[in-house]
Structures are given as structure tokens and as C-alpha cells.
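Please keep the sequence and the structure in view while reading.

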Amino acid sequence: MKLARCARQPYGECLAKDTMIELYLDPSCPFCVAVTDHLEKNKIPYTPKELSIYSDSEVRRQLIALGGKRQVPFLHHPERNVLMYESADIIAYADEHGRG
């Protein structure tokens, strides 16, 4: 699957259709902002899954179902069955696996 190009959007999001990497994030989280800034700077496409960790939503329920807790940022790479917390680990993984 070829990754789509990303385009700068509000809240540090990179919107890309049919990307492999999904990133669960809260725009008020500084660790999420650090990850999205890195992804955008390096043109690594991803699908943002924006939520508030304090408010119930479908996206928050998906996050908890996948990872078991409401911590963000959280990376989900369905094609490789990868689930990952921690911003430094997410950045390293995206650098290695996030480009087409």
C-alpha cells in the first residue's frame, strides 16, 4: 500500500487518506504535539484520531479497546499489528516504518 502525502492542518495534524499509521492524540498534550510536529517536519503521513482523554467519545473508547488505557499519544499500525505508547518510541517507529 502506498502512503499518501500529508498536508499541514490545525492542531499539528497531518491528514492523509489510506495511510497505514493511525495516531491517537489530544491536541492539548505536549507529547502529542511533539510527535505530530516531527511527523509533519519529516513528511511522514498518518491518520489522526483526535480525542480528549477526559471526555467520553467513540475515539477514546477505541483507544482504550486497543491499548488498554487512555494515554496519548498512541500509535496503531494495523498492517503490522503494532500498538505503541511513548512519544520517543512512536517517533523512532515512524521514522523507520512510516514512509512509503
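A residue is called buried when its relative accessible area is under 20%, exposed when that area is over 50%, and partly exposed in between.

**Confidence of the model**

The model is predicted. The mean pLDDT of the protein is 84, and 80% of its residues reach 70 or more. For residues 1-18 the pLDDT stays under 50, and the model has 48 contacts beyond four places in sequence for this stretch.

**Strand β3 and its partners**

Strand β3 (residues 22-25) runs parallel to strand β4 (residues 47-50), and four bridges join the two. Within this pairing, Glu22 has Thr47 of β4 as its bridge partner, while Leu25 stands opposite Glu50 in β4. A right-handed β-α-β unit is made by β3, helix α1 (residues 30-41) and β4.

Strand β3 is also joined to β5, by three bridges, and these two strands run antiparallel. Here Tyr24 stands opposite Phe74 in β5.

**The aromatic cluster**

Which residues make up the aromatic cluster? Tyr24, Phe74 and Tyr85 form one such cluster. The count of aromatic pairs in the model comes to two. One of these is formed by Phe74 and Tyr85, with 4.6 Å centre to centre and 50° between the planes, and this pair is tilted. It links distant parts of the chain: Phe74 belongs to strand β5 (residues 74-77) and Tyr85 to strand β6 (residues 82-85), eleven residues apart. A pair of aromatic rings is described by the distance of the centres and the angle of the planes.

Lys69 lies over the face of Tyr85, at 4.7 Å from the ring centre.

Ser87 is placed in helix α3 (residues 87-97). Leaving aside neighbours within four places in sequence, Ser87 is in contact with Phe31, Val35 and Pro73. Ser87 is buried, because its relative accessible area is 17% and the cut-off for that class is under 20%.

Asn42 is found in the loop between α1 and β4. The C-alpha atoms of Asn42 and Gly98 are separated by 10.0 Å, although the two residues are 56 residues apart along the chain. Asn42 counts as partly exposed, because its relative accessibility is 25%.

The accessibility values are collected here.

| Residue | Relative accessible area | Class |
|---|---|---|
| Ser87 | 17% | buried |
| Asn42 | 25% | partly exposed |

Definitions and conventions
Residues are numbered from 1 along each chain as its sequence is written. This is a predicted model: local features need pLDDT of at least 70, side-chain atom pairs count only at pLDDT 80 or more; totals for chains, interfaces and linings use all residues. Side-chain values use heavy atoms; hydrogens and water are left out. pLDDT is the predictor's confidence in each residue, from 0 to 100. Contact means heavy atoms within 4.5 Å. Rings of Phe, Tyr and Trp (its six-membered ring) pair if their centres lie within 6.5 Å; planes under 30 degrees apart count as stacked, over 60 as edge-to-face and the rest as tilted. A charge sits over a ring if NZ of Lys or CZ of Arg is within 6 Å of the ring centre and within 35 degrees of the ring normal. Two strands pair if DSSP finds at least two bridges between them. A crossover is right-handed if, with the strands pointing away from the viewer, the path from the first strand over the helix to the second runs clockwise. Buried means under 20% relative accessible area, exposed over 50%, partly exposed in between (1.4 Å probe, protein chains only).
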